[in-house]
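Hi,

Here is the structure I said I'd pass on. Could you have a look when you get a minute?

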Amino acid sequence: MRNRLLIGAAALAAATALIALPAGTAGAAPGAPALRTDSPAVNVGGPLSADLVPGTIATMYNPGTTTGVKCTASHIGGTLAVDPNPPGGMSGPVDTLSFGACTSNIIGIISVTGLTMDHLPYTLAISDASGYPVVLFPASGSIIQATLVLKTLAGTATCVFRANTLNGNATHGLTQIDLSNQNFTKAIGPSICFPTIGFSASYGPVNLVN
């Protein structure tokens, strides 16, 4: 049987996670049970959340290097929502994408004051095509934006990075989604902010709340 997939979220990034959705549920009304994993059905419109895969970190590095910012905590949260135009993937809004315990190995930076994702909510969509491709995109007319505040030897530096979309892949059966080296371009910030950064994070397993 062909599976339909739904993801709502984290991630940054992301949010973020993969859940198998049985065929024939795409037209379910809001609040109707739509997802089933190893636990009871999960209602469409219900919340879900995911943290970083245990043992992994979220990174924003100068492309091709391991220099930049890393965070040992990140959370992505959202709502299950049915794609109104089946067949194909399904999606959910992301209204939480947070980062914590962040540090930097950039010369001249004393500490990371904060890393936030702006212009939420985003939408996280997952396709049932080969490889389970995932895309995180902003609302119409908006953009994905990360604001990084750094404490430097010269004072506070604020770096604003932007991206049109973020792309990744889900791992079927493991409720996990991976975003690897997704490109952000600097929009605002002093020279200590890299011109571009690559964002990577893996979220899962997803927690579904009935």
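Predicted model: local features only at pLDDT ≥ 70, side-chain atom pairs only at ≥ 80, totals over all residues.

Residues are numbered from 1 along each chain as its sequence is written, and side-chain values use heavy atoms, with hydrogens and water left out.

**Disulfides**

How many disulfides does a search of the whole structure find? It turns up two, taking a disulfide as a pair of cysteine sulfur atoms within 2.5 Å. If you number the bonded cysteines of the chain in sequence order, they pair 1-2, 3-4.

One of them links Cys71 and Cys102, with an S to S distance of 2.0 Å. Cys71 sits in strand β7 (residues 68–79) and Cys102 in strand β8 (residues 90–104), so this bond ties together parts that are 31 residues apart in sequence. Strands and helices here are DSSP runs numbered from the N terminus (strands: E, at least two residues; helices: H or I, at least four). The S-S torsion for Cys71 and Cys102 is about 105 degrees, so that disulfide is right-handed. Cys71 is buried at 2% relative accessibility, and Cys102 also counts as buried, at 15%. For the cut-offs, buried means under 20% relative accessible area, exposed over 50%, and partly exposed in between (1.4 Å probe, protein chains only).

The other bond joins Cys159 to Cys193, again with S to S at 2.0 Å. Its partners come from distant parts of the chain, 34 residues apart: Cys159 is in strand β13 (residues 155–163), and Cys193 is in the loop between β15 (176–188) and β16 (196–203). Which hand does this one have? The torsion about the S-S bond of Cys159 and Cys193 is about -75 degrees, so it is left-handed. Cys159 is buried, with a relative accessible area of 1%, and Cys193 is buried at 3%.

**Gln145**

Gln145 belongs to strand β12 (residues 144–152) and is buried, with 8% relative accessible area. Its side chain makes a polar contact of 2.7 Å with the side chain of Arg162. A polar contact is a pair of N or O atoms within 3.5 Å; within protein, one must be able to donate a hydrogen and the other to accept it, and residues adjacent in sequence count only if both atoms are side-chain atoms. Setting aside neighbours within four places in sequence, Gln145 is in contact (heavy atoms within 4.5 Å) with residues including Thr116, His119, Tyr122, Phe161 and Arg162.

Cheers
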